[in-house]
Amino acid sequence: MSETTVVEAKNLDLTFPTNDGPVQALKDVNLSIEKGEFVSFIGPSGCGKTTFLRVMAALETPTGGTITVNGVSPEEARKSRAYGYVFQAAGLYPWRTIAGNIKLPLEIMGFSRSERDRRVKDVLQLVDLEGFGGKYPWQLSGGMQQRASIARALGFDADILLMDEPFGALDEIVRDHLNEQLLALWDRTGKTIGFVTHSIPEAVYLSTKIVVMSPRPGRITDVIDSPLPRKRPLEIRDTPEFIEIAHRVREGLRAGHGDD
Amino acid sequence: MRSVLPVLSVVAMILGLWYAACLPMNIKGVLTEAERAGATVTPEGGKARRDMSEFALLVANGFAIPATWAQERPRLPAPHQVAIELWDTTVMKKITSKRSLVYHGWVTLSATLLGFVIGTGLGILLAIGIVHSRVMDMSVMPWAIVSQTIPIIALAPMIIVVLYSIGVQGIVPKAVISAYLSFFPVVVGMVKGLRSPDAMQLDLLRTYNASNGQGFWKLRLPASMPYLFASLKIGVAASLVGAIVGELPTGAVSGLGARLLAGSYYGQTVQIWSALFAAAILAAVLVGVLGLIETRVLKRMGMT
Ligand SMILES: Nc1ncnc2c1ncn2[C@@H]1O[C@H](COP(=O)(O)OP(=O)(O)OP(=O)(O)O)[C@@H](O)[C@H]1O
Ligand SMILES: [Mg+2]
């Protein structure tokens with residue numbers, strides 16, 4: 001494990017006890033994520049993508065193996081505010097303005113009032129929502145709400161951003177736009193991003209590393225390091241390199257499926 | 001505005017039924033009074049009429065119909081009699097008068113409000129305890145439910161006697177009964193409300209490493225507001241019932257409950273009905289005020 005390793009999972013197992021017997025959500029997962037990487041998790045429904053993200057966030061406890069985040073346990077990493085988590089639904093509080101929602105974690109973490117205001121201004125700019133701080137969530141479109149929820153996760157300087165299908169509910173055009181913005185944001189902030197998606201083009205377009213998973217039990221079947229440059233215009237999706245990686249991801253997914 | 005017509009027709013129908021009901025209810029009394037005053041009624045003599053049906057009497061004595069709506073102590077007073085009594089005892093009486101319904105209404109209202117505040121406060125505290133502690137969830141909730149299965153009519157005299165024996169009387173015992181009735185809907189509603197945030201919202205707070213207290217103030221409490229208001233509306237009506245019930249067993253001299261009791265002692269049905277209506281109007285106003293506050297608060301919170 002090098003200085004710059006952010007996440008290191010070794011032989012990770014996680015079994016949920018359920019009424020119909022135990023469900024193995026993760027089996028023998030080995031993965032390391034370096035600082036500044038953009039890692040996508042892709043795989044069919046139920047393959048444990050969300051579960052793995054939640055393990056990194058200390059929302060779920062593995063039943064076997066080890067995992068470290070920033071060199072410490074996920075629990076400790078959370079206490080040191082190592083990551084921001086973006087859920088599939090924006091989950092903004094309807095009784096708070098957009099600025100108020102972004103301030104929520106800042107209030108909880110005890111930032112001063114002036115510091116909160118300053119940060120809200122910064123992150124609103126980062127997600128291209130200047131001027132919307134005073135609006136209430138219902139006054140914003142779905143895509144804007146999701147950007148606001150990303151801003152909320154950015155406000156407190158976490159090095160890691162964990163996103164679970166953040167754009168899953170949005171249409172293709174909005175999604176393209178947000179993907180572009182997300183890449184720009186990643187480039188500017190140098191954060192490490194873990195990103196769950198169902199879409200092969202999205203995974204290939206965004207990632208420096210693509211983790212292909214397969215279900216029953218959830219495990220990693222392929223890890224693809226992308227040769228694409230950091231700066232990626234949308235048109236890159238028509239290049240042969242892009243198509244080749246997408247092909248490999250699709251093969252990986254198909255292989256995972258063939259097992260059952 | 002389109003709903004005015006249907007509403008008016010329903011009211012007219014109720015009033016019509018009420019007036020019609022006065023006929024059979026009051027005809028025997030009217031005939032007895034008329035006979036005593038020297039009028040000829042068929043058949044003559046109270047004995048002969050006793051076993052006859054009210055409808056036969058009405059048919060035989062058509063002249064007596066208007067009088068069924070104008071008796072001094074009817075079995076069932078007519079709507080206008082109640083309305084006139086209400087008018088006379090509110091607008092036409094000085095508020096300080098012992099016959100003023102405004103005065104009696106205020107006596108009951110003050111106990112209602114005190115009880116409501118105590119009950120709501122207690123209900124919210126219990127709900128917070130129940131939501132945050134499994135032990136309280138298991139131990140308090142069953143008792144809260146049991147408490148509501150005891151008829152308040154049976155419990156009220158005991159509460160009053162016990163409190164009297166330790167020197168507490170006046171508004172407090174009534175407020176206690178009132179609180180007893182109103183805390184329950186608040187507990188049930190607030191428990192539901194405080195538990196209303198979904199797993200994702202709670203997980204989000206966990207990622208911030210938020211304490212239970214922060215989760216309560218920033219998420220659970222605001223999220224519970226719609227539930228709180230729904231319970232408050234039920235609670236305030238229950239409070240009013242409690243305050244009135246609390247006035248019955250003491251032989252209290254003031255309050256709407258006292259008016260009901262005095263009315264039934266002296267056969268003053270008009271007084272009973274006007275006190276009932278005063279109570280109903282009071283309840284409607286209380287619930288209406290809470291509804292207004294609810295609309296404004298929830299609108300400001302973006303939760304409508
Ligand atoms: N809390 C839980 N209790 C029991 N089983 C669970 C729980 N959470 C997840 N699982 C099971 O673990 C497996 C992996 O679930 P997970 O949510 O990680 O899948 P996913 O890859 O995110 O799927 P999707 O693409 O549909 O979101 C599934 O079989 C699921 O039923
Ligand atoms: Mg998932």
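Across the interface of chain B and chain A, the rule finds 6 residue pairs in polar contact, both residues at pLDDT 80 or more. A polar contact is a pair of N or O atoms within 3.5 Å; within protein, one must be able to donate a hydrogen and the other to accept it, and residues adjacent in sequence count only if both atoms are side-chain atoms. This is a predicted model, in which local features need pLDDT of at least 70 and side-chain atom pairs count only at pLDDT 80 or more, while totals for chains, interfaces and linings use all residues. Residues are numbered from 1 along each chain as its sequence is written, chains are lettered from A and ligands numbered from 1 in the order in which they are written, and side-chain values use heavy atoms, with hydrogens and water left out.

The rule also finds 2 salt bridges across this interface, a salt bridge being a side-chain nitrogen of Lys or Arg within 4 Å of a carboxyl oxygen of Asp or Glu. A salt bridge joins the side chains of A:Glu107 and B:Lys218, at 2.9 Å from N to O.

On the side of chain B that touches chain A, helix H9 (199-207) and helix H10 (212-223) of chain B each supply at least two residues. H9(B) gives the most, with 7 residues. Helices (H or I, at least four residues) and strands (E, at least two) are DSSP runs, numbered from the N terminus. By class, this side of chain B has 10 nonpolar, 5 polar and 4 charged residues. Ala, Val, Leu, Ile, Met, Phe, Trp, Tyr, Cys and Pro count as nonpolar, Asp, Glu, Lys and Arg as charged, and the others, Gly among them, as polar.

The two chains bury about 2,000 Å² between them, with 62% of it on carbon and sulfur atoms. Buried area is the accessible area (1.4 Å probe) that two parts lose on being put together, summed over both. In chain B, the residues that lose the most area to chain A are B:Thr207, B:Tyr208 and B:Lys218, together 33% of what that side buries.

Within chain B, helix H5 (residues 101-132) and helix H12 (residues 256-265) pack at an angle of about 120°, their axes 7 Å apart. H5(B) and H12(B) are therefore oblique to each other. The residues in contact (heavy atoms within 4.5 Å) are B:Leu101, B:His104, B:Gly105 and B:Thr108 of H5(B) and B:Leu256, B:Gly257 and B:Arg259 of H12(B).Axes are lines fitted to C-alpha atoms, for helices over the stretch in contact, and angles run from 0 to 180 degrees between N-to-C directions. Angles under 35 degrees count as roughly parallel, over 145 as roughly antiparallel, 65 to 115 as roughly perpendicular and the rest as oblique.

A cis peptide bond joins B:Thr42 and B:Pro43, with omega about -15°.
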